[in-house]
Every structure is written in structure tokens, then in C-alpha cells.
Amino acid sequence: MIMKGKKGLIVGVANNRSIAYGIAKACKNQGAELILTYQNDKLKPRVEKVAKELDVKNIYPLDVSKPEELNALKEAIERDYGKIDFLVHSVAFAPREALDGKFIDTSKDAFNIAMEISVYSLIDLVRAIEPVMNDGGSVLTLTYLGSQRYIPHYNVMGVAKAALEASVRYLAVDLGERKIRINALSAGPIKTLAASGIGDFSEILKYNEKNSPLRKNVSIEEVGNSAMYLLSDLSSGVTGEVHFVDAGYNIMGMPLYEK
Ligand code: NAD
């Protein structure tokens with residue numbers, strides 16, 4: 001019961017295939033009390049279902065592009081929970097046309113949307129929620145290897161994830177004054193709603209499975225367990241880091257080959 005007595009806000013559950021769901025479940029299994037948000041009314045019933053399963057008392061609306069919803073969320077947490085111990089940001093978006101074809105064709109609009117929803121939202125969320133976090137708390141965001149290396153079709157999202165990882169380093173210093181930690185978890189490819197927008201995603205899955213040291217893809221349960229480590233006091237000396245949970249794929253210099 002590593003998370004017993006801890007309360008946390010998890011942003012980014014769309015359904016029970018979401019990485020945020022894997023994280024929520026892992027934290028719940030270890031005794032945490034959870035607060036969830038839903039992006040819009042279309043996704044609300046799915047999040048309600050998850051909330052019921054995980055014994056979550058309240059879910060709140062949050063579209064990260066709507067400052068009024070973020071303010072209302074902070075007020076609601078203060079009112080209904082007092083202070084919380086951890087925060088998960090598992091949100092990303094880029095227009096579909098920017099996640100196919102050539103990076104050079106990225107439009108200014110697509111670039112701005114990807115940066116606003118996938119990067120600025122972390123800064124905004126942390127600024128809003130920090131006042132209702134206990135000292136010694138932990139923040140986590142989700143990233144992907146496409147921030148550091150070329151991955152086919154990942155395009156503008158790779159640039160956004162690079163900015164996200166840099167934001168984690170700068171936020172680590174600001175939050176460190178209150179001993180609050182922030183890290184990024186770089187997950188291997190997983191079939192989710194967001195991933196279905198990336199061109200040829202099934203090829204990426206196949207390639208990673210074949211060429212990672214563990215010869216497999218990771219599950220949302222495995223990502224959830226790594227996330228729980230970073231959200232718990234087990235990682236009390238760790239901040240500003242990018243931590244990988246990708247079956248080791250990121251260490252490979254060349255694809256595996258059979259003799
Ligand atoms: P998902 O579709 O289940 O989750 C994405 C979430 O982002 C959804 O809950 C969606 O509602 C939310 N979102 C998008 N726009 C939003 C907005 N304007 N306001 C509020 N919420 C918004 O997919 P996922 O794969 O679980 O993605 C979660 C995170 O994990 C993302 O940051 C993604 O880049 C990252 N990630 C995914 C993979 C993968 O292969 N699936 C790998 C590494 C990292």
C-alpha cells in the first residue's frame with residue numbers, strides 16, 4: 001500500500017485503454033484516493049464508468065484550452081478535498097493531418113495547437129494546482145521517444161514532446177522550492193485513442209516489439225506501475241527527469257537481426 005493516504009488528480013482518462021487509466025488503476029491498487037477529469041460531454045460517460053470502477057467520488061470537466069474550467073477545477077479540489085499529493089498530466093493533441101506525411105509541411109496552426117494542448121497545458125495545470133498540493137508532492141507528465149529521435153509520422157508531436165521535456169526541467173526548479181517533484185515518463189507505443197491519430201502506428205508497434213531488448217511492447221499496467229513509482233515517496237530524490245518504460249527500446253543503436 002505504497003500510495004495509502006495519498007490523494008491525486010489524474011487528467012487524461014478518455015477510456016479504459018488510456019495510459020492515464022493504467023496509472024489510475026495502479027495508484028488505486030496501492031491505496032490512493034483519485035480525482036478524475038473529462039475533456040468534454042462526449043467522453044464523460046466513459047470517464048464515469050472508470051470512476052465507478054475505481055471508487056472515484058468526483059469527476060470534473062476540464063478542457064485544458066478553457067482557463068475558466070481550470071480555475072473551477074482548482075476551486076472544486078480545494079472545496080472537496082483540501083490538499084492533494086500528486087498530479088498526472090496525460091494529455092496531448094495535434095491535428096491529424098500533422099501526424100502523417102512530411103514534417104516540413106506542418107502548418108502554423110497545427111504547430112500552435114500541438115504546443116498549446118500538449119505543452120502549455122502542463123505549465124498552466126501545474127500553476128493552477130500547485131497551491132492545492134502538499135509540500136513533497138509529485139507531478140508526472142507523459143512523453144515519447146519521438147522527442148529525441150526521428151519516428152515516422154510523429155512530426156510536430158516530437159517537437160512538442162521535446163518542449164514538454166524541457167518544461168519539466170524548468171518546472172522542477174520552481175516546484176523544488178516546496179519539495180514538489182516533477183518528472184516525465186516516456187512510454188513505448190501503446191494502442192490508444194490518441195495513438196490512432198498517428199500515421200502507420202501499427203507498423204511502429206510491430207517494429208518496437210521486434211526490436212526492443214525485451215522483444216515486446218509495454219502495457220498500460222506496466223506504464224502504471226512505473227508512474228506509481230514516480231508519484232510515490234519511493235522516488236523522493238528524483239526530479240526533472242525523463243524516465244523510460246518502453247521495454248528498453250530507447251537504448252538500441254541498430255535494429256536486431258537474426259544470424
Ligand atoms: P488517450 O487518447 O487515451 O489520452 C489522451 C487524453 O488527452 C484524452 O483523455 C483526451 O481527452 C485528452 N485531451 C486531448 N485534448 C485535450 C484538451 N483540450 N483538454 C483536456 N484533455 C485533452 O491516449 P494516451 O495514449 O493514453 O495519451 C496520453 C499521453 O500519453 C499523451 O501525452 C501521449 O502523447 C502520451 N504517450 C502515448 C503513447 C502511446 O503510444 N499511446 C506513448 C508515449 C506517450
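Colleague: What makes a residue in the lining of the largest pocket nonpolar, polar or charged, and how does the lining divide?

Modeller: This is a predicted model, and in it the residues of that lining divide into 28 nonpolar, twelve polar and six charged. The sorting goes by residue type, with Asp, Glu, Lys and Arg counted as charged and Gly placed among the polar ones. The space in the largest pocket comes to about 1,200 Å³. Its lining has 46 residues, and the closest to the centre are Ala92, Phe93, Leu193, Ala194 and Ala195. At least two lining residues are supplied by each of α1 (19-29), β2 (33-38), β5 (133-143) and α5 (155-176).

Colleague: Which residues are closest to the centre of the second largest pocket?

Modeller: They are Tyr150, Ile151, Tyr207, Asn208 and Tyr249, out of 19 residues that line the second largest pocket. This pocket holds about 330 Å³ of space, and its lining divides into eleven nonpolar, five polar and three charged residues.

Colleague: What makes a set of residues a nonpolar core, and which residues have the most contacts inside the largest one?

Modeller: The residues must be buried, of nonpolar types such as Leu and Ile, and joined through side-chain atoms within 4.5 Å. The largest nonpolar core has 50 residues, and Leu9, Ile77, Ile129 and Ile182 are those with the most contacts inside it. Among the elements that give two or more residues to this core are β1 (7-11), α3 (67-81), β4 (84-89) and β6 (181-187), while the largest share, nine residues, comes from α4. Another core, of 35 residues, lies apart from it and includes Ala26, Leu36, Val223 and Val245. In soluble globular proteins, nonpolar side chains tend to be buried together.

Colleague: How do you know which residues isoleucine 77 is in contact with?

Modeller: Contact requires heavy atoms within 4.5 Å, and, leaving aside neighbours within four places in sequence, isoleucine 77 is in contact with Leu9, Ile35, Gly82, Ile84, Ile129 and Val132.

Colleague: Why is α1 called mostly covered?

Modeller: Eight of the eleven residues of α1 are buried, namely Ile19, Ala20, Tyr21, Gly22, Ile23, Ala24, Ala26 and Cys27. After α1 comes glycine 31, with a positive phi near 100°.

Colleague: Why are the buried residues of α2 said to be on the same side of the helix?

Modeller: The buried residues of α2 (residues 44-53) include Val47, Val50 and Ala51, and they are placed on the same side of α2 because they cover an arc of only 105° around the axis. An α-helix has 3.6 residues a turn, so residues three or four places apart point the same way. What covers the buried residues of α2 includes α1, β2 and β3 (59-61), whereas the face turned away from the buried side carries the exposed residues Lys49 and Lys52. Aspartate 55 follows α2, and its phi is positive, near 60°.

Colleague: Are histidine 153 and asparagine 155 buried or exposed, and how do you know?

Modeller: Buried means under 20% relative accessible area. Histidine 153 has a relative accessibility of 15% and therefore counts as buried; asparagine 155, at 10%, is also buried.

Colleague: Why is serine 232 called buried?

Modeller: Its relative accessibility is 0%, so serine 232 counts as buried. Serine 232 lies in the loop between α7 (220-231) and β7, and, leaving aside neighbours within four places in sequence, it is in contact with Ile2, Met3 and Arg181.

Colleague: What is the relative accessible area of alanine 247, and why does that make it buried?

Modeller: The value for alanine 247 is 8%, so this residue is buried. Alanine 247 lies in the segment after β7 (242-245). Its contacts, leaving aside neighbours within four places in sequence, are Ser212, Pro213, Leu214, Lys216 and Val218. The C-alpha atoms of alanine 247 and aspartate 85 are separated by 29 Å, and the two residues are 162 residues apart along the chain.

How values were computed
Residues numbered from 1 in each chain as written. Predicted model: local features only at pLDDT ≥ 70, side-chain atom pairs only at ≥ 80, totals over all residues. Heavy atoms only, no water. 1 Å grid on protein atoms, 1.4 Å probe; cavity = no way out; pocket = protein on both sides within 12 Å on 5 of 7 lines; lining within 4 Å. Points joined across faces, edges and corners; volume = space filled by probe spheres on them. Helix = DSSP H or I, 4+ residues; strand = E, 2+ residues; numbered from the N terminus. Buried < 20%, exposed > 50% of the residue type's maximum accessible area, 1.4 Å probe, protein only. Arc of directions from axis to C-beta.
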